[in-house]
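Hi,

Here is the structure I promised to pass on. Have a look at it first, and my notes on what turned up follow below.

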Amino acid sequence: MGDSPDRSAGARHVAIIMDGNGRWAKKRALPRSIGHQRGVEAVRRLVRALEPMGLDCLTLYAFSSENWKRSEDEVDDLMNLMRKFIKSDLPEFVANGVKLKIIGDWQSLAPDIVAMLEDALAQTANGTQTLAVALNYGAQNEIARAAVKAAETGAITTESITAQLDTSDLPPLDLLIRTSGEIRLSNFLLWQAAYAEMLFVDTLWPDFKPEHLSQALNDFAQRERRYGGR
């Protein structure tokens, strides 16, 4: 499982729906907050593996616009985890050349989080590998916003909408992975996933390791992508 992927046919941009923190905790009779903490550790492992994996961009679904429906305590836990993660890991991002990008309506988060994110974006601007984090993100809203902006340019086309998406400056999405055994996109990168390869794995997110991603990249390299052709 740990073999290095063949980058000659490899993915440049992988996105992951990080699912299963709550179930991981429930299986161990632990609070959901512990599951989320272990989920952050899984993120940290993957970010540290970005360079050896050879990816240009890893996009993670961290907090959806629908997650506000969760209990106030759980949302507070998630926001506090975000604060801690930024404070603790930002120096490592800078040192390792990781460029942070945020997609979604992140500027409507708490003012202190917005300020922290703006500082992190500025400090990592010169990084060579991108970690894109979806915060307060919903794909349908993203597409609607992009269509409005495209209309302002005078033409609504596939190209003009694509140019206005939050991900317009990222490589095309190659592979989308969802953990925990659920088989749905949950309003994540709906436009970008039009011809992306999909992989749904049973592994709960806190148990997801760089070795799992390496195997996914090896499998991806074996797939024949025809984009509707034969």
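**What the model shows**

In this predicted model, the largest nonpolar core has 48 residues, and those with the most contacts inside it are Val14, Ile16, Leu109, Leu131, Leu135, Ile177 and Leu213. The element that gives the most to this core is helix H4 (residues 72-95), with nine residues. There is also a second, separate core of 13 residues, which includes Ala15, Tyr61, Ile103 and Leu173. As general background, nonpolar side chains tend to be buried together in soluble globular proteins.

Beyond its neighbours within four places in sequence, Ile16 is in contact with Leu46, Leu58, Thr59, Leu60, Tyr61, Ile177, Phe188, Trp205 and Phe208.

Next, a helix pair. Helix H2 (residues 32-48) packs with H4 at an angle of about 25°, and their axes are 10 Å apart. An angle under 35 degrees counts as roughly parallel, so that is how H2 and H4 run relative to each other. The crossing of H2 past H4 is right-handed. On the H2 side, the residues making the contact include Arg32, His36, Val40 and Val47, while those on the H4 side include Asp77, Leu81, Phe85 and Glu92. By type, the residues of this contact divide into seven nonpolar, four polar and seven charged.

The C-alpha atoms of Ile34 and Gly127 are separated by 31 Å, and the two residues are 93 residues apart along the chain.

Best wishes

Methods: Residues are numbered from 1 along each chain as its sequence is written. This is a predicted model: local features need pLDDT of at least 70, side-chain atom pairs count only at pLDDT 80 or more; totals for chains, interfaces and linings use all residues. Side-chain values use heavy atoms; hydrogens and water are left out. A nonpolar core is a set of buried Ala, Val, Leu, Ile, Met, Phe, Trp, Tyr and Cys residues joined through side-chain atoms within 4.5 Å. Buried means under 20% relative accessible area, exposed over 50%, partly exposed in between (1.4 Å probe, protein chains only). Helices (H or I, at least four residues) and strands (E, at least two) are DSSP runs, numbered from the N terminus. Contact means heavy atoms within 4.5 Å. Axes are lines fitted to C-alpha atoms, for helices over the stretch in contact, and angles run from 0 to 180 degrees between N-to-C directions. Angles under 35 degrees count as roughly parallel, over 145 as roughly antiparallel, 65 to 115 as roughly perpendicular and the rest as oblique. A crossing is left-handed if the near helix is turned anticlockwise from the far one by less than a right angle, and right-handed if clockwise. Ala, Val, Leu, Ile, Met, Phe, Trp, Tyr, Cys and Pro count as nonpolar, Asp, Glu, Lys and Arg as charged, and the others, Gly among them, as polar.
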